[in-house]
Amino acid sequence: MQEILEYLKNESLRNRICEICGFIGKNNNQFVAKMVQNKHPDPKNYFAIDPLDFLSFKRGNEFVAIFHTHLGSDCSASEFDKVNSENTAVPFLIYSIPENKFGLYEPPNSEVSQETIQPLKDLL
């Protein structure tokens, strides 16, 4: 999981013009990450994921979290983030570029087990 966090941090720092997004999952007891294109019309302030990207990743992996960056704010989940995390029932991992820090929001209705997300939580 540490390697995945380093990868996400490096991708975030290379892409400071717009929010980037992707997924963290588990496949055959290995943690995996996949970046996807931000489809939001205002990618400097928001992110949106193509539902087909979401379903494709979910088909082959067990979800751990949906990842995205915050370009100008802290790593806490915005109201927009909370609503979307709750709508997908998947935790959001947020990397704040100004803080150089990760934050995690777990929705109350999360479909991700504590056993699955715990390795991520242990590193934050």
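Predicted model: local features only at pLDDT ≥ 70, side-chain atom pairs only at ≥ 80, totals over all residues.

Biologist: Let us begin with helix 1: how many residues does helix 1 have, and what span does it reach from its first C-alpha to its last?

Modeller: Helix 1 has 13 residues and covers 18 Å between its first and last C-alpha atoms, which is close to the 18 Å expected at 1.5 Å a residue.

Biologist: Which residues of helix 1 are buried, and which exposed residues does the face turned away from them carry?

Modeller: The buried residues are I4, L5, L8, E11 and S12; because they fall within an arc of 130° when one looks down the axis, they line one face of helix 1. On the face turned away from that buried side sit the exposed residues E3 and R14.

Biologist: Next I would like to read the salt bridges, so what is the general idea, and how many does a search of the whole structure find?

Modeller: Side chains of opposite charge can pair when their charged atoms come close. In the present case, a search of the whole structure finds four salt bridges, and one of them joins E11 to R14, with 3.1 Å between the closest N and O atoms. Both residues belong to helix 1, where they are three residues apart, or about one turn of the helix.

Biologist: Are E11 and R14 buried or exposed?

Modeller: E11 counts as buried because its relative accessible area, 16%, is under the 20% cut-off, whereas R14, at 60% relative accessibility, counts as exposed because that value is over 50%.

Biologist: Which residue does E79 meet in a salt bridge, and how are the two placed in helix 3?

Modeller: The side chain of E79 meets that of K82, at 3.5 Å from N to O. Because they are three residues apart in helix 3, about one helical turn separates E79 and K82. E79 is exposed, with a relative accessible area of 56%, while K82 is partly exposed at 27% relative accessibility.

Biologist: Which residue forms a salt bridge with K121?

Modeller: The partner of K121 is E106, and their closest N and O atoms are 3.1 Å apart. This pair links distant parts of the chain, since K121 lies in helix 4 and E106 in the loop between strand 5 and helix 4, 15 residues apart. Both ends are partly exposed, with K121 at 28% relative accessibility and E106 at a relative accessible area of 27%.

Biologist: Finally, where is D42, and how far is its C-alpha atom from that of I66?

Modeller: D42 is placed in the loop between strand 2 and helix 2, and it is partly exposed at 29% relative accessibility. The C-alpha atoms of D42 and I66 are separated by 19 Å, the two residues being 24 residues apart along the chain.

Technical notes:
Residues numbered from 1 in each chain as written. Heavy atoms only, no water. Helix = DSSP H or I, 4+ residues; strand = E, 2+ residues; numbered from the N terminus. Buried < 20%, exposed > 50% of the residue type's maximum accessible area, 1.4 Å probe, protein only. Expected span 1.5 Å × (residues − 1). Arc of directions from axis to C-beta.
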